[in-house]
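Student: I have a model open and want to talk through how it is put together. Where do we begin?

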Amino acid sequence: MAKGDDAVRRKKNKVQRKKLSRKNDSSAVSARVASIIAAKKRRKSGKRRMCQGMCFSLPTPDDPFNERLDKKDISKSETNKTVLKRDRKVSAKRKDNVPTKGSVLGHNVKVDSLEKVNEKLTTSNVGKTRRIVSGTWEIQPDGKKAGVNGNRELACGSSDGPSKYLILCLETIVDSLYPDGTYNGEEGKRLYLNPWGIEFWKCYSAGRDILETSGSPSDFEQIAWIASTAADVISRREKEGHLFTGPFLLFIVPSKEKALKVRSLCKPLKAQGVHTVSLHPGASIDHQISGLQSCEPEFLVSTPERLLELVFLKAVDISGVSMLVIDGMESSSGGCYLDTVKSIKQAISGKPHTTVFFNSFSNASVPAVQNLLNGLVYRLSLNDSVASQSACVIQSVHVCSSKEEKIKKGIRALDDACCKQITPQPLKVLYIVGKNNDVRKLVSAVKFKGYSISSAFYSNIMESENSLDCGSRMKPAVSIIDTEHISSTDLGEYGVVIVPDFVQSVDDYVQILTRMARHTVNGVLHSFLTKDDARHAESLIGILEQCGQAVPEELRNL
C-alpha cells in the first residue's frame, strides 16, 4: 500500500528539521572531522582528488568496465576548452601539460589572481630599504636538463612569477606560526612579496648555485621561501609522473637548536603532503633509525656529524637529493664542519642545486666555499656593505718600486691566475690602466707571454702590435680599459682584475671590488702601488681589514 501525501510530506519536513538543527548546533564537528567525512563521501561516490593517492571511478550502467575512464570527453563545450587553454601552459619541448594557474594538486588556492600577484612582485622592489644584488643576468632556460634524482633542471615551468601553490605554501607557514595575524614582514608586506624570496626564486629557476653573502644565518623568511620553493618543485614533478624514493631537500645546520627551528618552520607543509624529519645529537641514534625506516621524508634537516653517521649505517639514502642548503659555515667546529659537509656532498650523486649561507668574510673561509661551489653562481645579499658585496674576492695588494716592476708583477699574477684556474669555465681577465699612461709597453709584454688582447678603446695599439702576437691561443684573452670607463663596463663577468696603476681614488677601487666576479667564488683583484700612492694606503688598509683580508707589511710601512 502506497504511502499518502501527508506521510511523505512529514518525512521530508523531518529531514529538513534535522539538517537545520545540525547547522545551528554549537557542538558541530571540527574542520578536520568534516574533511574526513567529505573524503568518505567522495570515495563512496567514486570521485577522488589527485592528492589523495589512488584515483579511480566506480563503474556505471553505461560503462560497467570503466572503459571510458581515460578517453577524452568530446561532449565538452567550447567554453571549457577556452578555459583549459588559458589555465594550462603547454611546453614547447614536452607533450604533457604542466598546470601553471588555477588549482595545483586539487587545492583551491584562495589568493589573488596570478596576474595581480605578479604585478605586486614586479613593484615590490620600489621603495625598499634593503638591496638585492645578484649580478646582471636574465632568466633564460640554459637548456641543460638531466634526470630527476640529484640533477639540475629548471625549478619552475614559467618565469612570469611564483606559482599559486608556492604562494599557498608560504601562506600556510605564516598562518600556522602566526595564527593571530601578528606577522609583520619588511615594511608590512606579505611573505610572498619578500624581496629576498623573489630573488631566490629567480636564481633557483635559472638553475645555478646560490651564495648568500649577507653575513648572517638563515632567518624565518629565507627558510620559508626555500621550503616552499622545494615543495612547489616536488608538486610539479609529481604531476609529470616522477617518483621520489629519498629526500628531495637536505638542509644542513650546525646545531640541534637550528635543526629544531628549521623543522618547526617546515612542519606546516605536512598538510600539503611534505614531511620533514630533523636529525641531531639530541636524540638517540636507534630512535632516529627506526623513525627513518617508518617514513619517507621529503625534507631532511640535520647536523653534518649525525647525518654522516646515519649514512655510514645505511639508515638513510641521500644519493637522490636534488636541493642542498648549507647553513653555518662558520660554526664552532671549524674545519671539521667543512670536512663533514664535503663527505656528505660526495654521497650525493649528480649535481644538486646548492645554496650556501656565507657567514664570514675572512680570507680563510674562501677556500671552504670554493670547495662547495665549483660552477657558476648567483649572489644574494641583504646589505650594501663592502664586505658583503665583495665576499669570496681575494684582494692582493703589491707595493713596487718602479713602473717596470709593476708590469712584471702584473704578468706574474696573470700567469698564476691561469695556472691555478679551478673552474672549467673560461677565465676572463681585465686590465684597468690609467688614462694618461703608456699602454704600449703593457700590451707588448702581455702579447709576448702568449695572451691575446681585446680592447675597444685601444684599437690602434692592437693593430700595431699584431706582429708581437707569438704565443699560444690556448691562453685566455685579456681585456683592457682605462679608469674613465669603469662605470660603463660590465665588471661582473671578469674573475680576475689587474690594476697595474692604482686608481685615482679609493671610491673607484671599491666600485671595482664590489662589481667584479659576480658569477664566481674565485675572484681575484690585484692592485699595485708605489710611493706616489702613499695617500691611499690608510683607506686601503681599512677596506682590507673590513673585508677580513690580509694586510701586507709593505702596505703598512707605505
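Tutor: With a term we will need: two strands count as paired if DSSP finds at least two bridges between them. Keep in mind too that this is a predicted model.

Student: OK. Which strand does β12 run parallel to, and how many bridges join them?

Tutor: β12 is joined to strand β13, residues 478-482, by 2 bridges, and the two run parallel. With a threshold of at least two bridges, they count as a pair. One of the contacts to look at is isoleucine 453, whose bridge partner in β13 is valine 478.

Student: What is the strand order in the sheet they belong to?

Tutor: The order is β10-β15-β14-β11-β13-β12, an open sheet of 6 strands with parallel pairing. Its edge strands are β10 (393-399) and β12 (453-454), each of which pairs on one side only.

Student: Which helix lies across β12 and β13?

Tutor: Helix α15, residues 439-448, lies across β11 (429-433), β12 and β13. Relative to β11, helix α15 runs at about 160 degrees.

Student: Staying in β13: is serine 479 buried or exposed?

Tutor: Serine 479, which lies in strand β13, is buried, because its relative accessible area is 14% and the cut-off for buried is under 20%.

Student: What does serine 479 touch?

Tutor: Leaving out residues up to four places away in sequence, serine 479 touches Val429, Leu430, Tyr431, Ser454 and Tyr494.

Student: Different topic. What is the strand order in the sheet of 7 strands?

Tutor: That open sheet reads β5-β6-β4-β7-β8-β3-β9, again with parallel pairing. β5 (276-279) and β9 (377-380) are at the edges with a single partner strand each, so one side of each has no neighbour in the sheet. On average, neighbouring strands are turned by 15 degrees against each other, ignoring direction.

Student: And which helix packs on that sheet?

Tutor: Helix α6, residues 195-206, touches β3 (209-212), β7, β8 and β9. The direction of α6 makes about 180 degrees with that of β9.

Student: How is β7 joined to β4 and β8?

Tutor: Strand β4 (residues 249-252) is joined to β7 by 4 bridges, and 4 bridges also join β7 (residues 323-326) to β8 (residues 353-357). Both pairings are parallel. Methionine 323 has histidine 353 as its bridge partner in β8.

Student: Which way do the β7 side chains point?

Tutor: Met323 and Val325 point one way, Leu324 and Ile326 the other, and all are buried. In a regular strand the side chains alternate between the two faces of the sheet.

Student: Now the cores. Which residues touch the most other members of the largest one?

Tutor: Leu250 and Ile318, in a nonpolar core of 66 residues. Helix α18, residues 537-546, gives the most to this core, with 5 residues. A second, separate core has 48 residues, including Tyr165, Val174, Ala224 and Val325.

Student: What is leucine 250 in contact with?

Tutor: Apart from neighbours within four places in sequence, the contacts of leucine 250 are Leu300, Leu307, Ile318, Val321, Met323, Leu324, Val325, Ile344 and Ile348.

Student: Last one, overall numbers. How many helices and strands are there, and what share of residues is buried?

Tutor: The protein has 19 helices and 15 strands, and 46% of its 558 residues count as buried. Among contacts with a separation of 6 or more, 76% are between residues 24 or more positions apart.

Definitions and conventions:
Residues are numbered from 1 along each chain as its sequence is written. This is a predicted model: local features need pLDDT of at least 70, side-chain atom pairs count only at pLDDT 80 or more; totals for chains, interfaces and linings use all residues. Side-chain values use heavy atoms; hydrogens and water are left out. A nonpolar core is a set of buried Ala, Val, Leu, Ile, Met, Phe, Trp, Tyr and Cys residues joined through side-chain atoms within 4.5 Å. Buried means under 20% relative accessible area, exposed over 50%, partly exposed in between (1.4 Å probe, protein chains only). Contact means heavy atoms within 4.5 Å. Axes are lines fitted to C-alpha atoms, for helices over the stretch in contact, and angles run from 0 to 180 degrees between N-to-C directions.
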